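Notebook open, structure loaded. I want to look up the aromatic pairs, the nonpolar cores and any disulfide.

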Amino acid sequence: MKRGIILSVALWVGLFSAAGSAAGHKPTEISIGYLTQWPSPAQFAQDTKTFDFALGLSVNWVPFDDGNAMNTALAEKRVQIAYSQGHVPFLVGITEGLDLTMVGIAGVYPENDNCIVPDDVGITRDNAALLAGSKVAVSPGSLSHYRMLRVLEHLGIDESQVEIVATDDGTATASALQQGEVVMACASGGVLRAIRTLGKPLLSGAEQEALGLRLFDAITVSTAFMNEHPEMVQAFMDVVGAANEQWQLNPGPMRAAIARAAQMDQGVADRALSEFRFPSIEQQKSEAWMGAEVGDYISDLADFLATHGQLGEPLENYDRFVTTRFLR
C-alpha cells in the first residue's frame with residue numbers, strides 16, 4: 001500500500017512519456033520549485049523518486065522561501081514547474097507579463113487567514129452591525145484586507161463604517177488587538193494563530209471559502225515549456241494526483257517521507273499537514289475551482305490589489321492563464 005498507487009501511475013506515465021518523446025527533444029533533467037517547510041503528499045513521491053521514474057529523467061527539486069522568488073526562477077528558466085506557488089505571487093507574475101499557466105491546485109488552507117474579535121467584545125456574525133464605528137487593524141492592500149472587506153460586505157457592513165488602523169506587519173496587527181486598541185484584527189499564518197487565543201472569527205475559513213474567497217497554492221508552469229513538453233507536464237500532474245489520492249486512502253506510511261523531503265521535524269510536519277487540504281482531480285477541475293471560479297476570483301483580487309497600489313494595471317481577463325487540460 002505504501003507505494004502502490006503512485007508506482008502504478010508512475011509505470012503508466014513512464015511508458016507514456018517515453019512514447020511521447022520519441023522525437024528525441026526530451027531534456028535529460030527538469031527543475032521543480034517548491035516551498036520550504038510546506039509539506040504535501042507530493043513530497044512522498046519526491047522522496048521516493050517516483051517523479052524521476054514517471055518522467056524518465058532526473059528531477060531537480062529547488063527550494064524557495066516564497067512564490068515571488070519562484071516567478072524570477074521561472075522567468076530565468078531555472079525551474080520549469082513551480083509546485084505550491086502562492087496564488088498571489090502567481091497573479092502578480094502574470095499581471096507583470098510573465099507567461100505562466102496554472103495547471104493544478106497544490107494545496108488549500110482556508111483557515112490560514114482571518115479576522116479575530118476578542119471574546120470580551122461580544123461581537124459575532126449575528127450582531128456584526130455593532131462593528132460600525134469600530135477600529136479594525138489590518139495591513140492595507142493585503143490579502144487579509146481583501147478578505148475582510150468581502151466578509152464585511154457579506155454581513156451587510158460597508159467598509160466606510162469601520163475605521164481601519166493601518167499596520168505595517170503582523171506584529172503590529174497582533175499588538176493592536178492585544179492592547180485593546182481595536183475590536184478586530186485581521187492576519188494570517190503565525191500571527192493569526194497567536195491572536196486566535198483571544199477570540200473567534202466572524203466567519204470560519206470554510207464559510208469564507210463558500211463565499212468564493214480562496215486560500216490556495218497553485219501548480220504553475222512556464223507556458224513555453226508546457227507547450228513544448230505537454231507529456232512531461234501531464235506525467236508530473238498524474239503523479240501529484242496519485243499522491244494526493246494515496247494520502248486520502250492511507251496517509252500513515254507517507255508521513256516520514258514527507259517530513260524528510262520538507263526538511264521538517266515529524267511532529268511539526270504532521271501539524272502543518274492537518275491544516276491543509278489536497279483537492280482531488282475532480283475537485284480541482286470543478287466549477288468551484290479551476291473550472292470557473294478561480295479565474296473570477298483572481299480577477300477580482302487583481303482589481304483590489306491595483307486599487308490599493310499593490311499591483312499594476314490588471315489584465316482584462318485571467319482565464320487564459322488557467323487550464324484544466326492536465327487534470328484527468
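Predicted model: local features only at pLDDT ≥ 70, side-chain atom pairs only at ≥ 80, totals over all residues.

Starting with a burial check: Phe321 comes out buried, at a relative accessible area of 3% (buried is under 20% relative accessible area, exposed over 50%, partly exposed in between, with a 1.4 Å probe and protein chains only). Numbering runs from 1 along each chain as its sequence is written, and side-chain values use heavy atoms, with hydrogens and water left out.

**Rings.** I searched the whole structure and got 14 aromatic pairs. My rule: rings of Phe, Tyr and Trp (its six-membered ring) pair if their centres lie within 6.5 Å; planes under 30 degrees apart are stacked, over 60 edge-to-face, the rest tilted. Phe216 and Trp289 make an edge-to-face pair, with 5.7 Å between centres and 90° between planes. This pair links distant parts of the chain, 73 residues apart: Phe216 is in strand E10 (residues 216–222), and Trp289 is in the loop between helix H14 (281–284) and helix H15 (293–307). Helices (H or I, at least four residues) and strands (E, at least two) are DSSP runs, numbered from the N terminus. Phe216 is buried at 0%, and Trp289 is buried at 7%.

Next I looked at Tyr318 and Phe321, which form a tilted pair, 6.4 Å centre to centre with 45° between the planes. Tyr318 is buried too, at 1%.

I also found a cluster joined by ring pairs: Tyr34, Phe51, Trp61, Tyr83 and Phe236.

**Charge over a ring.** What sits over the ring of Trp289? I found the charged end of Arg214, 4.4 Å from the ring centre (the rule takes NZ of Lys or CZ of Arg within 6 Å of the ring centre and within 35 degrees of the ring normal).

**Cores.** The largest nonpolar core has 95 residues, and Met184 and Phe236 have the most contacts inside it. A core here is a set of buried Ala, Val, Leu, Ile, Met, Phe, Trp, Tyr and Cys residues joined through side-chain atoms within 4.5 Å. Helix H11 (residues 230–249) gives the most to this core, with 8 residues.

**Disulfide.** I count 1 disulfide (cysteine sulfur atoms within 2.5 Å). Cys115 and Cys186 form it, with sulfurs 2.0 Å apart. The link is right-handed, with 105° about the S-S bond. Cys115 lies in strand E5 (residues 113–118) and Cys186 in strand E8 (residues 184–188), so the pair ties together parts 71 residues apart in sequence.
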